[in-house]
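Subject: Structure handover

Dear colleague,

Please find the structure below, followed by my notes on it.

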Amino acid sequence: MSEKVKLTYKDKEYEFPLLEGAEEEKGIDIKTLRAQTGLVTYDPGYKNTGSCKSEITFLDGEEGILRYRGYSIEDLCEKASFLEVAYLLIFGNLPTAKELALLNIEIRKESLVDEDLKSILKSFPKSAHPMGVLSSLTSGLIAFNPSSVDIASESDLREAIIMLLAKFPILSSWTHRKVKGLPLNYANTSLSYEDNIAHMLFKLPHQDYEASPVVVSALNKLLILHADHEQNCSTSTVRIVGSSHAGLFASVSAGISALWGPLHGGANQAVIEMLEAIKADGGDTKKYMQKAKDKNDPFRLMGFGHRVYKNFDPRARIIKKAADEVLNELGINDPVLDIAKGLEKEALSDPYFIDRKLYPNVDFYSGIIYRALGIPTEMFTVMFALGRLPGWIAQWSEMRKNNEPIGRPRQIYTGENHRTI
Ligand code: CMC
């Protein structure tokens, strides 16, 4: 018989099943709590709430473990391409050579977007933030690819997934080309998925372009490390929007908006802006450490802390090494990196940060690599979105296939009691 958890309220005892997942994960199944007791739970930020059962990503914040479908990110970064990891997340296993070849063929066939989407892009000012533009363009895809996904049909679902995998990098690169005032590129079908991302971002009309292996390898790692992170803010958004049976493209468009915020994906941009500001202010890292610790100052050390990693962020370890390699290889001496290293050193020995278990997260170093690769700061979060796309797709598909109910939390009302006019 499965274990139960007891709750006593007003001298009455209630029992709730204990759910056991893989990797010894446990949780209390409170599906009947309100019906049995009239109570709801209160958990701002869902710090203790499991919103679903999921087979996709395992994360142990205490041990600093992150695995996609059972494979460690360290292994995947070493041995797999981003497209293979996308396949793994979405379809459950690493692709065979034949499956990968078929996926590439399908993606190439869909590597076009309706030319009319360009007029949506054109209507934005150059100063528009690329994340807002990307969310709108992704939403715009719905109008040009109107068939809604029939979740019961494997071929229907696969078609929507392929469309998004093929068209999203094109739209992402267009947000960059727009900022730079460059002609809009399409994919070169003779290149790999990852090479094409670099090609569409950087190829100039009057020059040949061959991405350096260092650039492609760093991009590949960054994309893999961002590919999924279980029920984070943007993924939860994608799942909850999809739970109303809104389509895949609409759900992903909402996810992009959620990712944009500086406490989530927008942190990579915020980190570089913070480091630049410290540099412009004379490079006094101690002053900014003080500000971060001052409760009356809203300043936070961007790129530090994480909701679930309370020892170290395993992604940050890989990224830090990759950042060193890229800067060495490209011969870049970035003073902002010295400030970053100084801040990290101070924070790691400061009781405020130690007591609160605040360590550098993935975004502390990712911006430094993007900068070295020549990607403008406001594009950093778009790069995160490019990486996170397979995770959003995998999580959306799982949610729909499991026929999850519409997401609709309750609340504890604290306003006025009934009053009359
Ligand atoms: N600088 C200074 N103090 C901090 C920071 C920080 N970056 N992060 C957390 N704290 C303090 C916070 O003030 C609180 O202190 P106290 O207990 O005295 O009130 C304590 O640490 C716990 O913070 P919290 O806000 O309750 O923790 P959370 O789990 O709700 O927030 C976080 C996690 C990532 C939003 C937060 O650490 C943060 O704002 N970090 C900076 C933004 C950032 O780098 N975000 C990227 C996350 S990684 C990319 C991704 O996966 O989205």
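Predicted model: local features only at pLDDT ≥ 70, side-chain atom pairs only at ≥ 80, totals over all residues.

Residues are numbered from 1 along each chain as its sequence is written, and side-chain values use heavy atoms, without hydrogens or water.

Ligand. Polar contacts are pairs of N or O atoms within 3.5 Å. Ligand oxygen atoms lie 2.7 Å from a polar side-chain atom of R300 and 2.9 Å from a side-chain N or O atom of K295. The backbone of F304 places a polar atom 2.9 Å from a ligand nitrogen. Of the 940 Å² that the ligand exposes when taken alone, the protein buries 79% (Shrake-Rupley, 1.4 Å probe).

Helix α11 (a DSSP run of H or I, at least four residues). The 13 residues, 248-260, should span 18 Å at 1.5 Å a residue, and the end C-alpha atoms are 19 Å apart, which agrees; the expected span is 1.5 Å times one less than the number of residues. Buried residues (under 20% relative accessible area, 1.4 Å probe, protein chains only) include L248, F249, V252 and I256. Their cover includes α6, α7, α10 and α18 (heavy atoms within 4.5 Å).

Strands (DSSP E, at least two residues). An open antiparallel sheet runs β4-β5-β6, with β4 and β6 at the edges. Strands β5 and β6 pair over two bridges (DSSP must find at least two), and R67 stands opposite S72 in β6.

Regards

Key:
Buried < 20%, exposed > 50% of the residue type's maximum accessible area, 1.4 Å probe, protein only. Polar contact = N/O pair within 3.5 Å; in protein donor to acceptor, adjacent residues only side chain to side chain.
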